[in-house]
Amino acid sequence: MMKIVSSSGKGNFKLTKNDKEICELVYSNWFSDEAKTVLNGNNIEIKPKNIWTSKVDINKNDNNIGDITFNLKSQMIIRLENPNRKEFNFVLKNRSKYRVKFEVYNESKTLQFSLNSVNNWSKLNYDYNIELADFNSEFELNELLVYCGYATNLYLAIISAV
């Protein structure tokens, strides 16, 4: 089973499969929305494009490959480009009023996977079980999950500030 597991109160998390760590996304400091990880030998950096953090850039090996934005429907849009510069968009939506449950859809509005909170109220962070649906993408699943984990943290920060 794949999971996103919080590893610190500042937002860091580990992506795991069958309790084995795939990678850890680490925020540069408590007040920063800038985060980095290494996945499959690639350096991934996610950092705000503006001071309001309504848009963040995604860089892979120092090349911009996309961004994450918060739209007026309270959704996170993850826009990615493959090496051939073909663009793909994924939509992350919170689908539950009482528990945190995010669903990720592709451009065809097909559910790709869900991030189901297994929140422990003694911690100030969220852990998620990942439930695959009809995942079909040119993007590697683990890489997309890192971006979605970051997007969930950003979503919760934006919503709690409102």
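What pattern does the chain follow when read along the sequence? In this predicted model, the order is β-β-β-β-β-β-β-β-β-β-β-β-α. The C-alpha trace spans about 45 × 35 × 35 Å along its principal axes.

Of the 162 residues, 47% count as buried. The accessible surface of the chain comes to about 9000 Å², and carbon and sulfur atoms hold 49% of that area. Among contacts with a separation of 6 or more, 32% are made by residues 24 or more positions apart.

Helix 1 covers residues 141-161, which makes 21 residues. From its first C-alpha to its last, helix 1 reaches 30 Å, close to the 30 Å expected at 1.5 Å a residue. Is helix 1 mostly covered or mostly exposed? Helix 1 is mostly covered, with 16 of its 21 residues buried.

Leu145 gives a view of this covered helix from the inside. Leu145 is found in helix 1, and it is buried because its relative accessible area is 0%, where buried means under 20%. Leaving aside residues up to four places away in sequence, Leu145 touches Met2, Ile4, Leu15, Phe113, Leu115 and Ile130. Lys10, by contrast, has its C-alpha 19 Å from that of Leu145, and the two are 135 residues apart in sequence.

One of the residues that Leu145 touches, Leu15, belongs to strand 2 (residues 13-17). Leu15 counts as buried because its relative accessibility is 1%. Its own contacts, not counting residues up to four places away in sequence, include Met2, Lys3 and Ile4, together with Lys20, Glu21, Ile22 and Cys23. The list for Leu15 also takes in Ile130, and it reaches helix 1 through Asn142, Leu145 and Val146. Leu15 and Asn142 are 127 residues apart in sequence, yet their C-alpha atoms are 7.8 Å apart in space.

Ile130 is touched by Leu15 and by Leu145, and Ser114 touches Ile130 as well. Ser114 has its place in strand 11 (residues 111-117). With a relative accessible area of 4%, Ser114 is therefore buried. Besides Ile130, Ser114 touches Lys101, Phe102, Glu103, Asn129 and Glu131, again not counting residues up to four places away in sequence.

How many aromatic pairs does a search of the whole structure find? The search finds seven. One of them is formed by Tyr27 and Tyr150, which are stacked at 5.7 Å centre to centre with 15° between the planes. This pair links distant parts of the chain, since Tyr27 lies in strand 3 (residues 20-27) and Tyr150 in helix 1, 123 residues apart. Both Tyr27 and Tyr150 are buried.

Phe102 and Tyr128 form another aromatic pair, this one edge-to-face, at 6.1 Å centre to centre and 65° between the planes. Phe102 lies in strand 10 (residues 101-105) and Tyr128 in strand 12 (residues 128-132), so the pair ties together parts that are 26 residues apart in sequence. Phe102 is buried, as is Tyr128. Ring pairs also join Phe102 and Tyr128 with Phe70, Tyr126 and Tyr155 into a cluster. Elsewhere, a charged residue meets a ring: Lys93 lies over the face of Tyr105, at 4.7 Å from the ring centre.

Asn18, in the loop between strand 2 and strand 3, has a phi near 50°, a positive value in a residue other than glycine. Ser74 likewise has a positive phi, about 60°, although it is not a glycine. Its place is in the loop between strand 7 (63-70) and strand 8 (76-81). Is Ser74 buried or partly exposed? Ser74 counts as partly exposed because its relative accessibility is 30%.

Terms used. Residues numbered from 1 in each chain as written. Predicted model: local features only at pLDDT ≥ 70, side-chain atom pairs only at ≥ 80, totals over all residues. Heavy atoms only, no water. Helix = DSSP H or I, 4+ residues; strand = E, 2+ residues; numbered from the N terminus. Expected span 1.5 Å × (residues − 1). Buried < 20%, exposed > 50% of the residue type's maximum accessible area, 1.4 Å probe, protein only. Phe/Tyr/Trp six-rings, centres within 6.5 Å; stacked < 30°, edge-to-face > 60°. Lys NZ or Arg CZ within 6 Å of the ring centre and 35° of its normal. Contact = heavy atoms within 4.5 Å. Areas by Shrake-Rupley, 256 points an atom, 1.4 Å probe, with all protein chains shown as cover.
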